[in-house]
Amino acid sequence: MALLPSKSLVFTVRRQEAELVVPCEPTPHECKPLSDIDDQEGHRFHVRGFHFHQSNLSMKGKDPAKVIKEALAKALVFYYPFAGRLREGPNRKLIVDCTGEGVLFIEADADVSLVDFGDELYPPFPCAEELLYDVPGSNGLLNSPLLLIQVTRLKCGGFIFAHRFNHTMGDGTGLSQFMTAVGEIARGALVPSMPPVWERHLLSARDSPLITYQHEEYSHNTSGPKNGTIILTDNLVCRSFLFRQSHISSLRRFVPHNLRCSTFDILSACLWCCRTKALELDPNEDVRLICIVNARFKFNPPLLLGYYGNALGFPAASSSIGKLTQNPLEYALKLVKQAKTKVTDEYMKSTMDLLVTRGRPNVKLAGSYIVSDLTRAKFKEIDFGWGEAVLVGPETCWELISFYIPSKNKKGEDEIIVPVCLPASAMKNFVKELENMLKDEQTVHADI
């Protein structure tokens, strides 16, 4: 495990005025309800992400902002709901009004080169507010643009593609599918290789709702840390941790030979345990690990390829703090694996029924730690003509959630970057707990 150092890079970004990019051809003007998975409270926010692209000699003389903007207008013909605006109907039901008003686009230049960011790119990114400018009045959930894109050209010929996306419209897989379509069209395709599928009605509550699972992730009980949140919100520190294959192999020494587990399973169990120990909470309280699971192929029949809405389940592993911190890693690992197996066709139907009958609640944040695996979302493979991104990741660290960001070292070996946000004192404890768990591995860390 390598604790990646903090950065103090400062540079200037010169932005042009934001403009609306509309579909380049006429599109249907209709109202399309979102699914009952889409419009839950936990999706009613904007996702912010960054793609870092190197220069490419074969694209010399071409302007990435111009290329992407033209491709965006063409892609919106196929994904025309993104050019609309959200309205809210009875019972908080969200509906896309396909007005064709367009998405926001910003063209910018920065007096910095990609190499200035250092050997490793990772959240939190420097000058993020300048690389993804929040146009005043544009970031509301309703009656606002559903997508904002900023393309910032760099001195080296590379560029940064940044997006702000309304999460109710789709999950990581859906957004990646749309961005892939923009990339394909930017490289000369006339139509996306994956035709978009709307079909949001397939993920709607049953006519006679029936909650058949306990759904601890949406529980309204009063258990959990007594202060109402897993961590204090003062003096928060954000750090990114790099996990190499050797680190994952080292963690597997805690796993019995007859217990099969994925990298996600073992890494999630490790982080959950170390984080819980670092926070030094009451051992009698309960904590949860919420796994964000792509449920596209859990349905019977599976969702059609090309479905770009939200299709996420949030199964929770739960334990008392005492049991979690005093037992071997195998204990947490089994809980993670059991939580993931909950996600079935019936589990998702039960989730939809719960969301509708209980007013579309948020996941339970008190006592929870959320993990989301981006290594299979294919964001890094999106190619606008300059090749794959050097790195793609969320803008910054969040208090209660960690993303698993795919990366490669100079040898081409796969690695995972994990941003973590904790109070300063807990961060020091967290580093020590990770080092103890990986004590057979050499660790590299900076002062915190």
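D36 has a relative accessibility of 7% in this predicted model, so D36 counts as buried, the cut-off being under 20%. The side chain of D36 meets that of K93 in a salt bridge, with 2.8 Å from N to O. This pair links distant parts of the chain: D36 lies in the loop between strand 4 (31–33) and strand 5 (46–53), and K93 in the loop between strand 6 (85–88) and strand 7 (94–97), 57 residues apart. K93 also counts as buried, at 15% relative accessibility. D36 and K93 belong to a network of salt bridges that links them with D39 and R360.

A salt bridge also joins R44 and E88, whose closest N and O atoms are 2.8 Å apart. R44 is in the loop between strand 4 and strand 5, while E88 is in strand 6, so that the pair links distant parts of the chain, 44 residues apart. R44 is buried at 13% relative accessibility, whereas E88 is partly exposed at 39%.

In the salt bridge between D63 and R153, the closest N and O atoms are 2.9 Å apart. D63 sits in the loop between strand 5 and helix 1 (64–78), and R153 in strand 9 (residues 147–153); the two are 90 residues apart.

The relative accessibilities of residues in these pairs are as follows.

| Residue | Relative accessibility | Class |
|---|---|---|
| D36 | 7% | buried |
| K93 | 15% | buried |
| R44 | 13% | buried |
| E88 | 39% | partly exposed |
| D63 | 24% | partly exposed |
| R153 | 16% | buried |

The whole structure holds 27 salt bridges.

Methods: Residues are numbered from 1 along each chain as its sequence is written. This is a predicted model: local features need pLDDT of at least 70, side-chain atom pairs count only at pLDDT 80 or more; totals for chains, interfaces and linings use all residues. Side-chain values use heavy atoms; hydrogens and water are left out. A salt bridge is a side-chain nitrogen of Lys or Arg within 4 Å of a carboxyl oxygen of Asp or Glu. Helices (H or I, at least four residues) and strands (E, at least two) are DSSP runs, numbered from the N terminus. Buried means under 20% relative accessible area, exposed over 50%, partly exposed in between (1.4 Å probe, protein chains only).
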